[in-house]
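Have a look at the structure first, then read on.

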Amino acid sequence: MQADKKLLKDLTPEIESTSTTWYITFSVFLGFFLLGIYGLIQQIDKGHIVTGMRDNVVWGFYIVNFIFFMGLSYSGALISGVLHLFNTGWRKPVIRMAELITVISLIIGPFFIFFCIGRLDRLYFLFIHPRIQSPITWDVIAIITDLFGCFIYLYLSFVEDFAILRDYEGLQVSPWKRKLYKILSLGYDGSPRQKKLLSNAKTIMSVMIIAIAIIVYSVLAWIFGVTLQPGWHSTIFGPYFVIAAVFSGTGLLIILMWIFRRIYHLEEYITKRHFVNVGVLLTVIAAFYGYFTFSDYLTKWYGSIKMDSILIDKLFNEYYLLFIFANYIGILLPAIIIAFPKFRTIPNITVAAAIAVLALWVNRYIIVIPTLETPFLPVQDTRAEWIKYSPTWIEWSLTLAGVSVFVMLFMLISKIAPIVSISEMQEQDTEEILK
Amino acid sequence: MKNGSSIFYTALLFLLLVSYPILSQEENEISPYIQLQYFKNTDESRFLKTTLTYSLNRMEIPIPGMEISFFSEADGKELLGTVFTDYKGVASLELTKNIRLPINEDGLWEFSTEFNGNDTIEAANSELSIKDVRLEMSLQEVDSIKTISLKAVTPQNTSDIPVSEEVVMIYVPRMFSLLPVGEAALDEGGTASLEFPSDLPGDSEGNLTIITKFEEHPDFGNVEKKVEIKWGVPSANQAPVAHRALWTKTAPRWMIITLSVLLAGVWGHYLFAIISLILIKRESKKKAKL
């Protein structure tokens, strides 16, 4: 497998050598990660009393982060699956990033569940005493299935690149990396039969990845939807969560495109066209997401069920800043920035994406916390500090650790494999020459 | 780029604004609710119980760890004791026989309770006047009819004065609460009788507990008499017939079928992809041999 040398040089900047910036950035995030580890040790030592979670608000930052990361994961899968399946021309430089978002988020997300569980020693009960009727069991099965699927899909997309790197004689890497490329490339040499096998597998897996992403994130939404709690017991939670996930994932994709374009000088490969295209996708999804949000709250408000009214009242008073940010600014601002050609610059689109991602995290926060603070039945023998949730530094540190692991894994992967798919880019070049 | 910067700073400002509610928590001075209650149990032990709570979001929130003082007021204010509230916001003081309980000219005990307050919680107090009452309950079967006989008197100097024209409730404890099985109005002699239902389930031997009580009575407070007797129908606890449902051990068939089909479909496709990878590897091995 041979590839254009310029392409190889441009797309494998960190594989051959490690820059000082890489080390510094990695050290900073490693520091955040270690802070999280320290927080976790405190939590294991002293118990969940060190968190803001109590008898009323039993879910806090951890579950918010879990839903958020899982959302990023499913959206990454959906975006990469759809782009691959429909053979979208401009997908090539961004598809690998979407695939990596999927797998990395899927690895990080479930850890927040582990942080939330009081008796981790009983975790295996989920596997030895599963109840098919329980949405928690559905979720465990779904996440495991999704994790396997995403790994296979990611690996399929890497095979050709590993073969290219294996055969790239000018590549100055350590022998273990060469050996790794040899093993992982499975002896792929781009013969017609191998190409067909790989292409078929990729197409099938891209279809599966789309289906699984929708099902799995719906299952996660049903954990809330099937629960008789104000604000959660909603029939549209499944599609609403899926759309919200794609919204945040698209936003994150834009941010990563901006970061990698800047750090690795990929201006030639990731152009304004890519930002605008993904940005337009973000706007369309923002419209859907806004529509679902409005429908959800309108029906609850109009229904005037006592507890729903109390919850909405709480959202518009106690949580009004968060509510306005998550459901007004987070939707309208990105849509406005991208909708008007005048504002469509790469930094603006990136800021819009950052707002969208942050708004989605806040949206998850105001879905989880205010509801738990507004139970249908007042909890007996409760205490003041159990009602109002306020995260502690331990929850903040573990949240920061989660984000740090995301960044560190991206950085580590960029040391082994190209962040932009070489094989896809080469294919694009060939197509352009043929045209 | 100018546009980008302004949007960035706007976003940053919003970030700071939205993080405020997460980071901070408002604290106001609490205006508590204090309740003083009197209890007399089957064994004639007496208690004063103070509950210190406040209301937040429709919920009654206990205030634990607060010092509550109990006083007798009938013969000048006399401290009976101080107790700290527990996690339920409750402070209980047993009125042991050593504690002197003077009565006022109407023959009533006068109690009061006080919470002095602190920097964050306002002070609160409550008062209560109680007349001592002796409640008796006897159970007998007359002509196969299970009959409860009740008598209530207030001891006064050397004689007892019957409690008349008052209603006494009869309960049987069930799993979650007390089941009311009847109420009896006391006659001029302070007595009453009523028939106990014969079809009430008891434990496996037919034992059940019968409780009679004055509840939150303005003069007597809470006075209770409890007796255990074999008047219930012996219950044979049979396990319900196993069936498939959302709440039973075995899941509905449709659920198992749906999940199995979905999983088989998905994992089948995974298998296809893995087999494709194996075939790619085999092809390269074949070429290497050639």
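1. How much accessible surface does chain A have, and what share of it belongs to carbon and sulfur atoms? The accessible surface of chain A is about 17900 Å², and 70% belongs to carbon and sulfur atoms (Shrake-Rupley method, 1.4 Å probe).

2. A word on the source: this is a predicted model, where local features need pLDDT of at least 70 and side-chain atom pairs count only at pLDDT 80 or more, while totals for chains, interfaces and linings use all residues. Residues are numbered from 1 along each chain, chains are lettered from A, and side-chain values use heavy atoms, without hydrogens and water.

3. Chain A has 17 helices and 0 strands, counted as DSSP runs (H or I, at least four residues, for helices; E, at least two, for strands). Its C-alpha atoms fill a box of roughly 70 × 50 × 40 Å along the principal axes.

4. Of the 435 residues in chain A, 57% are buried, meaning under 20% relative accessible area with a 1.4 Å probe, protein chains only.

5. Chain A carries 34 positive and 30 negative side chains, with the centres of the two sets 2 Å apart. Lys and Arg count as positive, Asp and Glu as negative; His and the chain ends are not counted. Each charge is placed at NZ of Lys, CZ of Arg, CG of Asp or CD of Glu.

6. Now to chain B. Strand 12 (residues 167–173) of chain B pairs antiparallel with strand 13 (residues 178–185) of chain B over 7 bridges; pairing takes at least two DSSP bridges. These two strands form a hairpin with 4 residues between them, and B:Met169 stands opposite B:Glu183 in strand 13 of chain B.

Methods: Buried means under 20% relative accessible area, exposed over 50%, partly exposed in between (1.4 Å probe, protein chains only).
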